[in-house]
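Q: I have a structure on the screen and would like to learn how to read it. Where do we begin?

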Amino acid sequence: MIAIKNLKVNLGNFLLQNINLEIQSGEYFIILGPTGAGKSVLLEAIAGLFPILEGVGWIGGREGTRRAPEKRKIGIVYQDYALFPHLSVEENIAFGLKMRKYPKRELKAKVEAMAEVAGVSHLLGRRPATLSGGERQRTALARALVTEPEVLLLDEPLSALDPAAREQMQSALKELHRRVKVTIIHVTHDFEEAVALGHRVAVLHDGSIAQVGSPEEILRHPGSEFVAHFALSRNIFTGRVGEAEDGCAVIDIGGTKLKAVTDLTGEVRLSLRPEDIIISPEPVRSTARNCLQGVVSDVAHRGAVIYITITVPPDFICLITRQSFEELELRKEVKVWITFKASAVHVF
Amino acid sequence: MTKIRSWARPDSMSLVFVLLGAIILLFIFAPIIKTVVSSSPGVLWNNLLEGDVYYSILLTVYAALVSTVIGLFLGVPLAYLLARRRFRGKRFLEGLIDVPIVIPHSAGGVALLFVFGSNFLAGRAFGSIGISFFNTVAGVVIAMMFVSIPFLIDSSREGFKSVDVRLEKVARTLGASPWRSFFRVSLPLAWRSIFAGSVMMWARGTSEFGAVLILAYYVPFLGQYVRVAPVLVADRFNSFGLDYARPVTALVILISLVVFIVMRTIAYRGEKA
């Protein structure tokens, strides 16, 4: 377990303060905040790489506030990976083992095994400058993990990747966490990423922790403008993929069945943009695969647009214009139908 | 790969700039080339064999090398601190380091004498362990070091600045102490700049005249009394005139050029390969 009490860090133009966190062993913990909120500095402070003004930290029940970074059993992966440019991929991965005086005879085998897991075996002789973004990322992960750290710190690890590689890496991280059982503290500004990966999320706002909780809790009771904005702009559900029907996956979200397009199985999360949902007084025949009946439970005016919450259950948030709102004569308690395409449901 | 050349139509400004550039290049290289080619290789060779000249060049090269090695040992750590730490008065300190470049070097020599002369602070301390700086090789070394160390410190500092600090941080999390992170990551990555700075420092040391003249004009070296090459050139000219000074001048220029070019080639080898 990692515990941080009353951490205070000087960021030059503002302070990071009243930071209190408790992170369980093996947890995938996300620190979420907008760019420039001091997330990376918080991560470096946890690693002992950034000087702190106040605060106490415990790692595994022992106080370690002043412990040198090299004695903390941590690994770090930066956004741009920070691979040693003068060393080959193999030497990069072996670096931590050499520093920790790992026996020479076993070193090579250990590096090769790690490279295998990370999928960089074929790159061992290459220099970092010749690698693609994804390859650098995997090398950086292998370098951090080969020393078997108790805690892995990830600083915006996905934001430098293109969308395809990001999605792939996201599932790779999930898989990795399941296999290695390392505690992960992952810093990001991307809400989707936080929701997709985190067991728990801490929202960093104005230099302190605004909220800590599971992704669902945070979405349901957003404690900051930043989260609220996101919560209004996304429908996020947890569900289970069942039997396929007409080439579509059927996902059960607490009794309600949605059709979506995905290869994933088992426990999944899905998101749906409010503007992709059509509201109508009667069921409509169309090419859209999902048509559900619900009740208007909330109306939120946001300038020219209106967010309507429709309880099926669960709650769907829909975005419509003021004009449609008036034409449809929507009020609370009114029964309506919502329609959306299977391809509008994003499964992750 | 074939290079595609495109010729832009030369405008008047480019023409004027090329012309002005040509003038300054000629100004730099004409005297150097003229001096070197005006003595035949045979004359140069005989001149080199002359004891006076031979020992002078040896002393110059040797003392500049010693001062550069000491400079590396003392200057690189400072360069690292300047690149990595933020503290009050850092700008001022960086300016201060460059002072030896801007003051007259003879004045530098006098100033050094005030500290390292046998009656003064550092001079007395070193004197107690048998090192004296007035008219000795050690004096040549510190005179050269004083005027040339800014080149090494500045270049090394820029080298360390160009190393991403997060590489050092990653090294720390991977179990490296600050020492090992410095020697395994920072130093190898800044090596090119440090080496280039060393070459500059050495070259500047070999060409030093003013400070050496004050502090160590004639020094005992390998059983002879020897002057450094720049002093020898000046003396020959003052005592015997242009014709007599020319061969030794040509030799000194040639040797400096060759070493400088070779070193720079090593320093920049592999860059943009």
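A: We begin with one residue: B:Pro77 is exposed, because 12 other C-beta atoms lie within 10 Å, and a residue counts as exposed if the number is 12 or fewer. Keep in mind that this is a predicted model.

Q: In which helix is B:Pro77 found?

A: B:Pro77 belongs to helix H3 of chain B, residues 51-84. Sequence and space are separate matters here: B:Pro77 and B:Ile153 are 76 residues apart in sequence, and their C-alpha atoms are 9.0 Å apart in space.

Q: Is B:Tyr217 buried, exposed or partly exposed?

A: B:Tyr217 has 17 other C-beta atoms within 10 Å, so it is partly exposed. This residue sits in the loop between helix H11 (210-215) and strand S1 (219-221) of chain B. Apart from neighbours within four places in sequence, B:Tyr217 is in contact with B:Asn135, B:Arg227 and B:Val231. As for B:Lys169, it is 48 residues from B:Tyr217 in sequence and 49 Å from it in space, C-alpha to C-alpha.

Q: How do I describe two helices that pack together?

A: Two packed helices are described by the angle between their axes and the distance between the axes. Take helix H8 (residues 137-161) and helix H10 (residues 178-206) of chain B: their axes come within 8 Å and cross at roughly 155°. That angle makes H8(B) roughly antiparallel to H10(B). The crossing of this pair is right-handed.

Q: Which residues make the contact of H8(B) with H10(B)?

A: From H8(B), they include B:Met144, B:Val147, B:Phe151 and B:Leu152. From H10(B), they include B:Ala190, B:Ile194, B:Met200 and B:Met201. By class, the residues of this contact divide into 11 nonpolar, 9 polar and 4 charged.

Q: How do helix H2 and helix H3 of chain A cross?

A: Helix H2 (residues 89-99) and helix H3 (residues 104-118) of chain A have axes that come within 10 Å and cross at roughly 120°. This makes H2(A) oblique to H3(A). Their crossing is right-handed. In this contact A:Glu90, A:Ile93, A:Ala94 and A:Leu97 of H2(A) meet A:Leu107, A:Lys110, A:Val111, A:Met114 and A:Ala115 of H3(A). The classes are 7 nonpolar, no polar and 2 charged residues.

Q: How should I read a sheet?

A: Strands of a sheet pair through backbone hydrogen bonds, either parallel or antiparallel. One open sheet of chain A has 5 strands in the order S15-S19-S16-S17-S18, and its pairing is antiparallel. Strand S15 (278-280) and strand S18 (315-321) of chain A stand at the edges; each has a single partner strand, so one side of each is left without a neighbour in the sheet. From one strand to the next, the twist averages 45°.

Q: How many bridges join strand S17 and S18(A)?

A: Strand S17 (residues 305-311) of chain A pairs with S18(A) over 7 bridges, in the antiparallel sense. Within this region, A:Val305 stands opposite A:Thr321 in S18(A).

Q: What do S1(A) and S2(A) form?

A: They form a hairpin with 4 residues between the strands, and A:Gly12 in the turn has a positive phi of about 90°. Strand S1 (residues 2-10) and strand S2 (residues 15-23) of chain A pair in the antiparallel sense over 6 bridges. A:Asn10 stands opposite A:Leu15 in S2(A). S1(A) also pairs with strand S4 (residues 54-59) of chain A, antiparallel over 5 bridges. There, the bridge partner of A:Ile4 is A:Gly57 in S4(A).

Q: How many residues of each chain take part in the contact of chain B with chain A?

A: The contact takes 15 residues from chain B and 18 residues from chain A. On the side of chain B, helix H9 (165-173) and H10 each supply at least two residues. H9(B) gives the most to that side, with 6 residues. By class, that side has 7 nonpolar, 3 polar and 5 charged residues.

Methods: Residues are numbered from 1 along each chain as its sequence is written. Chains are lettered from A and ligands numbered from 1 in the order in which they are written. This is a predicted model: local features need pLDDT of at least 70, side-chain atom pairs count only at pLDDT 80 or more; totals for chains, interfaces and linings use all residues. Axes are lines fitted to C-alpha atoms, for helices over the stretch in contact, and angles run from 0 to 180 degrees between N-to-C directions. Angles under 35 degrees count as roughly parallel, over 145 as roughly antiparallel, 65 to 115 as roughly perpendicular and the rest as oblique. A crossing is left-handed if the near helix is turned anticlockwise from the far one by less than a right angle, and right-handed if clockwise. Two residues are in contact if their C-beta atoms, placed from the backbone, lie within 7 Å. Ala, Val, Leu, Ile, Met, Phe, Trp, Tyr, Cys and Pro count as nonpolar, Asp, Glu, Lys and Arg as charged, and the others, Gly among them, as polar. A residue is buried if 20 or more other C-beta atoms lie within 10 Å of its own, exposed if 12 or fewer, and partly exposed in between; C-beta atoms are placed from the backbone. Two strands pair if DSSP finds at least two bridges between them.
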